[in-house]
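Here is a short tour of one structure, with an eye on helix packing and charged pairs. Have a look at it first, and then read on.

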Amino acid sequence: MNKELKEIPVFFAVDNGYIPFLGVALKSLVDNSSEKSKYAIKVLYTNVSEENKARIKKYEKENINIEFVDLNKQLEEIKEKLYTRNYFSNTTYYRLFIPDLYPQYDKVVYIDSDTVCLADIADLYNVDMGDNLIAAVADGAVQTIDPFKDYVERVVGVADYNKYFNAGVIVMNLKELREYKFEEKFIYMLEKIKFEVAQDQDYLNRLCKGRVKILDYSWNRMPIMGEREGKINLIHYNLGAKPWYFDDVLYQEYFWKYAEKTEFYDEIKEIGAKYTEEDKEKDDANSAKLIELAQKETDCVGDDRNK
């Protein structure tokens with residue numbers, strides 16, 4: 001392989017339960033990759049079987065390397081302080097350790113596994129960040145749900161909800177994050193503040209505010225926002241917009257296009273078939289409770305935004 005190719009470091013975080021969806025995300029990324037770049041895929045985990053690692057490693061090519069990175073040591077030190085809710089697990093926090101884990105990288109891309117790439121991820125990596133800590137897209141759920149708008153401004157402390165970003169697809173300026181002592185400050189904040197609505201995403205927004213480059217929605221298009229004009233480079237099936245559970249999810253055709261190209265297709269179909277009406281009612285209730293929680297926490301702080 002040509003050693004002159006530019007390396008694009010891309011990170012995911014999974015457990016055994018999300019391996020099939022990581023397979024779909026990786027297939028889409030690989031199919032839209034360029035021979036002009038080499039891609040270093042790092043999969044952060046604490047609980048993935050050797051069999052599942054081997055299934056994912058099949059996506060390697062001459063210019064695409066996949067490495068599984070065990071984070072048990074990092075999580076052991078702070079796991080009692082981490083708060084998760086509903087279907088979230090501690091995997092949501094893994095991205096926060098990347099800057100200190102990889103001092104050889106100045107910049108990386110992090111992507112959630114419930115995504116599909118429709119463009120070369122190198123194009124996202126190459127965005128000009130300046131000295132910003134993060135480049136990301138404004139959170140679509142916050143944009144569409146009023147209690148979340150107030151919550152991110154009054155509780156998280158982001159001056160304008162339009163600048164509150166979704167952490168499922170981010171470019172991380174590792175050089176600046178290390179100089180900022182990001183991991184040290186995050187662990188300190190865990191002792192002082194408990195964000196229960198969006199957890200690590202809230203911490204990221206709180207710590208990085210004022211140093212975030214907001215990208216256009218093409219790099220994190222969420223079905224929850226409804227149809228929007230413009231190009232789509234990456235689709236993020238976040239919150240309840242899961243094509244494997246529902247038949248009416250916006251942009252679901254892209255997910256199934258790539259799912260059908262993987263060995264995980266039948267497995268994903270089985271996961272969907274086991275999703276009952278009772279499960280749906282439970283998830284709907286959890287979503288309603290989340291909005292109520294955001295409203296309750298917002299009601300507990302003052303509001304001087306119009307003064």
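This is a predicted model: local features need pLDDT of at least 70, side-chain atom pairs count only at pLDDT 80 or more; totals for chains, interfaces and linings use all residues.

## A covered helix

Helix α10, residues 200-208, is mostly covered, with eight of its nine residues buried. Among them are D200, Y203, L204 and C208. The buried residues of α10 pack against several elements, including β6 (134-138), α7 (146-156) and β8 (212-215). Just after α10, G210 has a positive phi of about 90°.

## Two helices at an angle

Helix α11 (residues 252-259) packs against helix α12 (residues 265-273) at an angle of about 135°, and their axes are 9 Å apart. That angle makes α11 oblique to α12. On the α11 side, F255, W256 and A259 take part, and they meet Y265, I268 and K269 in α12. By class, this contact of α11 with α12 has five nonpolar residues, one charged residue and no polar ones.

## Salt bridges

The count comes to 20 salt bridges. R95 pairs with D112, their closest N and O atoms being 3.9 Å apart. R95 lies in the loop between α3 and α4 and D112 in the loop between β4 and β5, so this pair ties together parts that are 17 residues apart in sequence.

R95 also forms a salt bridge with D200, where the closest N and O atoms are 3.0 Å apart. Because D200 lies in helix α10, the pair ties together parts 105 residues apart in sequence. R95 counts as buried at 4% relative accessibility, and D200 counts as buried at 2%.

Definitions and conventions. Residues are numbered from 1 along each chain as its sequence is written. Side-chain values use heavy atoms; hydrogens and water are left out. Buried means under 20% relative accessible area, exposed over 50%, partly exposed in between (1.4 Å probe, protein chains only). Helices (H or I, at least four residues) and strands (E, at least two) are DSSP runs, numbered from the N terminus. Contact means heavy atoms within 4.5 Å. Axes are lines fitted to C-alpha atoms, for helices over the stretch in contact, and angles run from 0 to 180 degrees between N-to-C directions. Angles under 35 degrees count as roughly parallel, over 145 as roughly antiparallel, 65 to 115 as roughly perpendicular and the rest as oblique. Ala, Val, Leu, Ile, Met, Phe, Trp, Tyr, Cys and Pro count as nonpolar, Asp, Glu, Lys and Arg as charged, and the others, Gly among them, as polar. A salt bridge is a side-chain nitrogen of Lys or Arg within 4 Å of a carboxyl oxygen of Asp or Glu.
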